[in-house]
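Thanks for coming. I will walk through one structure, part by part, and keep to what can be read from the model.

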Amino acid sequence: MRFFLSSIRIKLTLWFGLALLAILTLYSFGLFFFMRENLIGEVDRKLWEDVESVQETLQDLPDSSAGLDFSKYKDSSAHDVRDRWILEIWTSDQNKKLFSVPNKIESPIGSPAPSECEVRRGSPRDFRSEDGLNLRTLCSKVEFGDRTAFVRVARSSERALAELRELLFMILIAAPICIGIALIGGYLLARKSLAPVIDMTEQAEKITADRLSERLQIPNPNDELGRLATTFNRTFERLEKSFKQMKQFTSDASHELRTPLTAIRTMGEVILRENRNPEEYKEIVSSILEEADELRHLIDSLLTLSRADAGQTQINKKKENLSEVVSEILDHFEVLSEEKDQIIVRTLESDFFANVDRSAFRQAVINLVVNAIKYSPNNSVIKVRTYLKESFACIEVKDDGPGISPEHHSKIFERFYRIDSGRSRDVGGTGLGLAIAKWAVEAHGGNIKLVSEAGKGSAFTIELPIGV
Ligand code: ADP
C-alpha cells in the first residue's frame, strides 16, 4: 500500500483528481447559486409586477371597493399547481379581505391578514402552503386616494425549484463521471510522461562496475529528463575514469611491490644455496636491506597518496619562511649530491614568506631536489632558486640532466609514470615522487610546472599563492 501511494504516477493522478474535484465543486456551487438567484429572482420580479399592477388598478377606482373590477385577475392558474398564483387585497386595518384570487374565505398564505412585520420586511419570502406547495410571497402597503390597503401576492416557486433540482441532479451525476475520466486520463498521462524515467531506471540498473562503459540513451537531450540522463551519463563517465585509475593504480602498485620482494626472495635463496664466506653474506644481507628500504619508501609513498585520495591528509597552513625551509632541505641532501660531485647553487630570497603546510611543502621540494640529483650526471650543477612572481611564491629546481621531451610533460605527474623505468628503478625511483609533489602543491591551491627538452636539462617550478 505504501509503495502504491509513494508511486509518483499514483500521486500525480490523485493530485490531478483532487484539483479537478476542487474546481468542479467551486464551479457547481457557483452555477447552482447563480441559477437559483436567476430563477427565484424571476418569480420575485413577477411578484413586484403584480403589486404594481394592482396598485395601478386601485388608483383608477372611485372610492369604494364595491365597484372594484378585478376581472383581469381571474383564477387562471388553478389547473396547474406549478402556476399557482394568489392575490389578496386587505383593508388597511387588516381585518377584511376586499378581494382574493382564488376567491376563498380562508387565506392559503397565512391568516388572517398580512402582519405588520411581514409588510415591513417588504421583500419576497418563501412560504410553504398547507398542501405542501412552495410559494414566494410578497406583501405591500398600497395607497390609493386617501385610503390604504394591503396587497399580498404569492406565486408558486415549484418550477424554479424543479429546475434547480434537475441542475443539482445533473451536477451529482456528471461530477463523479468527470472525476473518473480525469483520474483515468491523469493516470495514463502520468504513465506516459514517466515512462522514460522507468526506462532510464532499468538501463541504469544494468550499469554495474564491470559495465561502466555503457550509457543511458537520451532520446531528447533538451527536455528535463534528457538533461537528467546527460547528468547521469557524465557521472558514469567520471565513475568509469576513477574506476580505471583505481584498477591501474592497484595493478601498478602490486607490480611495484612485487619487484623488491622478488629481489629479496631471490637473494635469500642464493644465500641458502651454498656456504659462503662472511664477506659474501654481508654483501647479500646489505643488498636485502637496501631492497627492504626501497619497499618501505614505496609503501610510504603509496600511503601518502591513498590518504590524500581518502581526504585524510590535513593541510594545516602556517606562515613559513619558504627560503629557510628550502635551505634546510638542501643542507640535508647535499650529502647525496656530493656523492655524485654535483654542485647545488642556491639563489634564495630572504624573508620569503607564505602560508603553507610545512610537511607537505617539504615533501614536494624534496621530491624535486632528489629527482634532480638522481637524474643529473656526475659533476653537473643543480640550481635552486626562490623568487616572487606576481602573487605567487616560486621555487625552481633546475638541473643539467637528460631533460624530458614534450610528449612526456603531461604524463610525468601521473602515478607510476616513468620515462625510463629501468633507469628510474636503478636510481631508487618509485614513479610516485612527482605525483606526490603535484598533490602537495595543488592542496595549497598552487601549480607545478615543467620546462624541459630532451638533452637540455629540466626546470621544475612550484608556484604557491602567497596569501592563501
Ligand atoms: P621516480 O621515483 O621514478 O623518480 P617521479 O614521479 O619522481 O618518479 O618521476 C617520474 C619520472 O619522471 C621519472 O621516472 C623520470 O623518468 C622523470 N623525471 C623526473 N624528474 C626528472 C628530472 N629532473 N630529469 C629527468 N627526468 C626526470
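Phe416 has a relative accessibility of 10%, so it counts as buried, the cut-off being under 20%. The loop that holds Phe416 runs between β10, residues 392-399, and α9, residues 421-426. The backbone there has a feature to note: phi of Phe416 is near 65°, a positive value in a residue other than glycine. Before I go on, please keep in mind that this is a predicted model.

Asp351 also has a positive phi without being a glycine, with a value near 50°. Asp351 sits in the loop between β7, residues 343-347, and β8, residues 353-356. Is Asp351 buried or exposed? Asp351 is exposed, because its relative accessible area is 60% and the cut-off for exposed is over 50%.

Next, helix α8. Residues 358-375 form this helix, 18 residues in total. From the first C-alpha to the last, α8 reaches 26 Å, which is close to the 26 Å expected at 1.5 Å a residue. How many of the residues of α8 are buried? The count is 13 of the 18, so the helix is largely enclosed by the rest of the structure. At the N-terminal end, α8 is capped by Asp357. A side-chain oxygen of Asp357 lies 3.2 Å from the backbone nitrogen of Ser359.

Now the ligand. Which residues are closest to the ligand? They are Asn371, Tyr375, Ser424, Thr430 and Leu434, and 18 residues surround the ligand in total. A polar backbone atom of Thr430 is 2.7 Å from a ligand oxygen. For Leu434, a backbone N or O atom lies at 2.8 Å from an oxygen of the ligand. For Ile419, the distance from a backbone N or O atom to a ligand oxygen is 3.2 Å. On its own, the ligand has 520 Å² of accessible area, and the protein covers 97% of that.

I turn to charged pairs. Side chains of opposite charge can pair when their charged atoms come close. How many salt bridges does the count come to? The count is 24.

One is between Arg136 and Asp44, with the closest N and O atoms 2.7 Å apart. This pair links distant parts of the chain, since Arg136 is in strand β4, residues 134-144, and Asp44 is in helix α2, residues 8-59. The two residues are 92 residues apart. Both Arg136 and Asp44 are buried.

Another pair is Arg45 and Glu49, whose side chains meet in a salt bridge at 2.7 Å, N to O. Where do these two stand along the helix? Arg45 and Glu49 are four residues apart in helix α2, so about one helical turn separates them. Arg45 counts as partly exposed at 40% relative accessibility, and Glu49 is partly exposed with a relative accessible area of 41%. Glu42 joins in as well: Glu42, Arg45 and Glu49 are linked in a network of salt bridges.

The last pair I will mention is Glu214 and Arg211, with a salt bridge at 2.9 Å, N to O. Glu214 is partly exposed, with a relative accessible area of 31%. Arg211 is partly exposed too, at 37%.

Ile173 belongs to helix α4, residues 158-206. With a relative accessibility of 43%, Ile173 counts as partly exposed.

To finish, Leu322. This residue is in helix α7, residues 322-339. Leu322 counts as buried, because its relative accessibility is 0%. In sequence, Leu322 and Ala393 are 71 residues apart. In space, C-alpha to C-alpha, Leu322 and Ala393 are 8.4 Å apart.

That is the end of the walk-through.

Definitions and conventions
Residues are numbered from 1 along each chain as its sequence is written. This is a predicted model: local features need pLDDT of at least 70, side-chain atom pairs count only at pLDDT 80 or more; totals for chains, interfaces and linings use all residues. Side-chain values use heavy atoms; hydrogens and water are left out. Buried means under 20% relative accessible area, exposed over 50%, partly exposed in between (1.4 Å probe, protein chains only). A residue is near a molecule or strand if one of its heavy atoms lies within 4 Å of it. A polar contact is a pair of N or O atoms within 3.5 Å; within protein, one must be able to donate a hydrogen and the other to accept it, and residues adjacent in sequence count only if both atoms are side-chain atoms. Accessible areas come from the Shrake-Rupley method with a 1.4 Å probe; for residues, only the protein chains shown count as cover. The expected span of a helix is 1.5 Å times one less than its number of residues. A salt bridge is a side-chain nitrogen of Lys or Arg within 4 Å of a carboxyl oxygen of Asp or Glu.
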